[in-house]
Amino acid sequence: MFEHVETYPGDPILSLMDDYQRDPRTDKVNLSIGFYYDDAGQVPVLGSVRQARALLDTRAESANLYLPMDGLPDFRRAVQGYLFAEADCERIVTLQSVGGSGALRVGADFLKRYYPDSQVWVSDPTWDNHLAIFQGAGFAVNRYPYLDGSGQQVDFPAMLEVFARLPANSIVLLHACCHNPTGVDLQPQHWDALYALFHERRLIPFLDAAYLGLGQGLDEDAYAIRALARAGITGLVSNSFSKVFSLYGERVGSLSVVCDNVAIAARVAGQLKGTVRTNYSNPPRHGAQLVATIFANSELSALWRSELDGMRERMLAMRRALFERIEPGLEVGYLLRQRGMFSYTGLSAEAVDRIREKHGVYLIRSGRMCVAGLNSSNLDAVARALSDH
């Protein structure tokens, strides 16, 4: 039995992490996986999370029971305020999910049931797991153009040209902010134009949001999500709290569906619960309690926002510092133009391999660099590596 099972090639990012762990060099630098590190090179425990955990520990619970299929009610209400602000949330369905990936998969399974003949379109490039998740749900996945010939700017006319030809009910995956892997984002006027076209063509936007607040600021980064709620179209939003709360292992995420009216929202909510039931039955409790506790407490919420601002500002400082250390004459202005945790260096896979082998600086082979891994101790080494590619 199982003789026909082929070898799993592994996830390229997680496999690279394994190589990094085996590398004996003491001066190696990890700029591959999307973790936020502080200047000491550690994944931080946020002060707001630490205080929320202490509050939860003081509350006696008689039993650690299953959550409802759609998750912790306080968490779901808090997420709606966080994502949609002042929008009419009566027609927006929000459920707790197992991380952002779980939200994508539940959304994909739900869409496959009700739009079985639709196809999915993702940006070229995008996070590799976007393809795997939607293909795993049974969709044909296509790519739409994202960057222009320079590799540093959005080619918005080319995107519009593709979307204008798509059949009704096509599903378009979009990054709400801090595009992964490029760090190049759509502007508010782009989002408004997209939603107008999607309304005309009856396309279904699916926004993925894992980095709200790490680009320009929380409210600025949420523009695409809140504009979707105002646009009068149906769409989905997957959200992750892994990065912005530094809660990677808790797998805290959400899926929201913006519906036409309250009656449709009620039916969608029921079917999403059914989709969860056939995937993992119930989401985990503790991480959702931490997030809900922080959002419900004005002091903790203010502390978390200040910590989020500090994360963003540290990455901006690292971008500027690396830019200033690069050998003159090399075009690295992208470090200052791009946003969020990642920068798209434009390096070839061969150049990335040479940098890893010669300097012990680990980027993924697409040329994506995690700027959150930069700190005052490794900046000079990374600058030498990028100058010597």
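Reader: How do you know how far apart domain 1 and domain 2 lie?

Author: By their C-alpha centres, which are 26 Å apart. Domain 1 covers 12-46 + 300-387, and domain 2 covers 64-296; such bounds come from an automatic or database domain assignment. This is a predicted model, where local features need pLDDT of at least 70 and side-chain atom pairs count only at pLDDT 80 or more, while totals for chains, interfaces and linings use all residues. Residues are numbered from 1 along each chain as its sequence is written, and side-chain values use heavy atoms, with hydrogens and water left out.

Reader: What makes up the contact between domain 1 and domain 2?

Author: Domain 1 gives 25 residues and domain 2 gives 32 residues, where contact means heavy atoms within 4.5 Å. Between them the domains bury about 2,500 Å², with 59% of it on carbon and sulfur atoms. That buried area is the accessible area (1.4 Å probe) lost by two parts on being put together, summed over both. On the domain 1 side, Trp304, Arg339 and Tyr344 lose the most area to domain 2, and together they account for 30% of what that side buries.

Reader: Why is Cys177 called buried?

Author: Buried means under 20% relative accessible area, exposed over 50%, and partly exposed in between (1.4 Å probe, protein chains only). Cys177 has 4%, so it is buried. Cys178 has 2%, so it is buried too.

Reader: What makes Gly151 count as buried?

Author: Its relative accessibility is 17%, which is under the 20% limit. Gly151 sits in the loop between β4 (141-145) and α6 (156-163). Helices (H or I, at least four residues) and strands (E, at least two) are DSSP runs, numbered from the N terminus. Gly151 and Thr345 are 194 residues apart in sequence, with 9.1 Å from C-alpha to C-alpha.

Reader: How do you know that Thr126 makes a polar contact with His130?

Author: Their side chains are 2.8 Å from each other. A polar contact is a pair of N or O atoms within 3.5 Å; within protein, one must be able to donate a hydrogen and the other to accept it, and residues adjacent in sequence count only if both atoms are side-chain atoms. Thr126 lies in the loop between β3 (120-124) and α5 (128-136), and at 7% relative accessible area it is buried.

Reader: What does the side chain of Asn375 reach?

Author: It reaches the backbone nitrogen of Ser377 at 2.8 Å. Asn375 belongs to the loop between β11 (368-370) and α15 (379-387), and with 8% relative accessibility it counts as buried. Beyond four places in sequence, its contacts include Asp38 and Arg314. Arg314 is also in contact with Tyr37.

Reader: How does the reach of α12 compare with the expected span?

Author: The expected span is 1.5 Å times one less than the number of residues. Helix α12 (residues 298-325) has 28 residues and reaches 41 Å from its first C-alpha to its last, close to the expected 40 Å. At its start, a side-chain oxygen of Asn297 comes within 3.0 Å of the backbone nitrogen of Glu299.
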